[in-house]
Amino acid sequence: MDNWFKSVWFIRIISLMLAGLLWVTVNVDNNMDSDSLFFNQSSSDMEVMENIPLEIRFDSEEYVVSGIPQEVSVSVEGPTSAVAPVSRQKNFTVFVDLNGLGPGTHEVSLQHSGISNQLAVTLDPKIIEVTIEQKVTEDYEVNIDYINQGNLDSALELGEPEVDPSQVAITGASSVIERVASVKAIIDVGGATESIEAQEAPVKVYDNQGNELNVLVDPTTVNVSVPIATRTKSIPLNVAARGGNTEGVLIESVSTETEEVTISGPKEVLDGIEALPEVPVDVSEVTESQTVEVDIPLPEGVTSVQPETIEVDIEVVEGEAGDDGDATE
């Protein structure tokens with residue numbers, strides 16, 4: 001044994017074995033580190049992203065599309081290093097391509113772009129049913145729809161409104177345009193005390209059941225002017241002589257060229273008045289034919305009358321009239 005340790009070849013063999021053992025040890029450690037790194041890189045993760053906007057690709061100048069969900073769900077699965085930035089930034093696109101499809105109902109698959117090919121992607125829904133219709137544009141007259149009209153002062157009334165522009169262009173699917181029954185601008189008159197001048201009002205489109213239709217309106221608003229004035233009513237007018245005649249004077253006639261007057265007031269008051277009571281003309285001191293000015297009395301509840309005075313022609317003839325004669329029958 002002592003001779004072995006003294007042998008140069010023995011020492012060389014032992015050194016070679018120790019060097020080999022050291023090499024194996026180092027390489028095993030390196031391989032373990034590499035395997036650990038590989039394992040970390042290949043660890044899998046999954047993320048579900050809700051409410052992702054869906055992009056529609058089609059000829060919007062020619063067609064209208066319905067049946068498209070506004071948002072979809074996107075699931076991605078793969079290496080954590082690839083999942084994390086997609087989930088955080090959401091810088092990808094989910095779309096449906098309808099180019100090349102004509103009018104009708106179609107089943108189409110959703111597509112995506114901007115997601116790493118390292119990830120498995122699942123879209124929900126995967127397939128949707130869409131309806132493509134020809135786009136139609138037609139012009140319609142705009143009518144006025146008043147709200148809170150019952151709160152308007154009853155002594156006021158609305159005049160004929162003016163709308164600028166008087167027509168708007170309605171664009172939508174042909175099946176929807178066929179359902180258009182009315183196009184209205186909405187005006188609130190509840191607290192109005194004077195005329196409305198060029199008020200901007202939104203335009204709404206309805207079917208014959210009063211449902212608002214989903215269409216494009218151009219322009220979306222119009223300017224509306226509404227005259228608001230005191231409520232009036234024209235009623236006939238009569239005059240009658242009152243008071244005793246002057247001795248020796250006979251009243252032949254009392255007349256006026258004014259056939260009617262205009263009264264103002266609340267609706268409920270005006271509705272109850274069909275004619276003005278006879279306007280009395282005092283002839284007790286009349287001695288000759290003349291024209292006099294007479295005030296028009298206001299009926300109860302009436303706020304004003306136009307004209308406020310009228311001219312009355314009194315025609316007299318000389319005759320025998322008693323001291324207590326009266327021109328009133």
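Visitor: Is S87 buried or exposed, and what is its relative accessible area?

Guide: This is a predicted model. In it S87 is buried, with a relative accessible area of 15%; the cut-off for buried is under 20%.

Visitor: Where does S87 sit, and which residues does S87 touch?

Guide: The residue belongs to helix α3. Leaving out residues up to four places away in sequence, S87 touches E47 and M49.

Visitor: How should I read a helix that has buried residues?

Guide: An α-helix has 3.6 residues a turn, so residues three or four places apart point the same way. Then list the buried positions of the helix in hand. For α3, which spans residues 80-89, these are A82, V83, V86 and S87. Seen down the axis of α3, these buried residues fall within an arc of 120 degrees, so they line one face of the helix.

Visitor: Which residues are exposed on the other side of α3?

Guide: S81 and R88 are exposed there.

Visitor: What covers the buried residues of α3?

Guide: The cover includes the strands β1 (44-57) and β3 (71-79).

Visitor: Where are N51 and A198 placed?

Guide: N51 is in strand β1. A198 is in strand β14, which covers residues 196-206. For N51 there is also an accessibility value: at 52% relative accessibility N51 counts as exposed, since the cut-off for exposed is over 50%.

Visitor: Where do I find cis peptide bonds here?

Guide: Read omega. The peptide bond from D164 to P165 is cis, with omega near -5 degrees. A cis peptide bond also joins D218 and P219, where omega is about -5 degrees.

Visitor: In which loops do P165 and P219 lie?

Guide: P165 lies in the loop between β11 (162-164) and β12 (167-173). P219 lies in the loop between β15 (216-218) and β16 (221-226).

Visitor: How many residues apart along the chain are V283 and I314, and what separates their C-alpha atoms?

Guide: They are 31 residues apart along the chain, and their C-alpha atoms are separated by 8.2 Å.

Visitor: How do I read salt bridges, and how many are there?

Guide: Side chains of opposite charge can pair when their charged atoms come close. For this model the count comes to 7 salt bridges. For each pair, check the distance, the position along the chain and the accessibility of both partners.

Visitor: Which salt bridge lies within a helix?

Guide: K267 and D271 meet in a salt bridge at 2.8 Å, N to O. Being 4 residues apart in helix α5, K267 and D271 are separated by about one helical turn. K267 is partly exposed, with a relative accessible area of 40%, and D271 counts as partly exposed at 47%.

Visitor: Which pair links distant parts of the chain?

Guide: The side chains of E278 and R242 meet in a salt bridge of 3.4 Å, N to O. This pair links distant parts of the chain: E278 is in the loop between α5 (267-271) and β22, R242 is in strand β19 (residues 239-242), and the two are 36 residues apart. E278 counts as partly exposed at 47% relative accessibility. R242 is partly exposed too, with a relative accessible area of 34%.

Visitor: With which residue does E212 form a salt bridge?

Guide: The partner is K204, and the closest N and O atoms are 3.8 Å apart. E212 is partly exposed, with a relative accessible area of 49%. K204 counts as partly exposed at 28% relative accessibility.

Technical notes:
Residues numbered from 1 in each chain as written. Predicted model: local features only at pLDDT ≥ 70, side-chain atom pairs only at ≥ 80, totals over all residues. Heavy atoms only, no water. Buried < 20%, exposed > 50% of the residue type's maximum accessible area, 1.4 Å probe, protein only. Arc of directions from axis to C-beta. Contact = heavy atoms within 4.5 Å. Salt bridge = Lys/Arg side-chain N within 4 Å of Asp/Glu carboxyl O.
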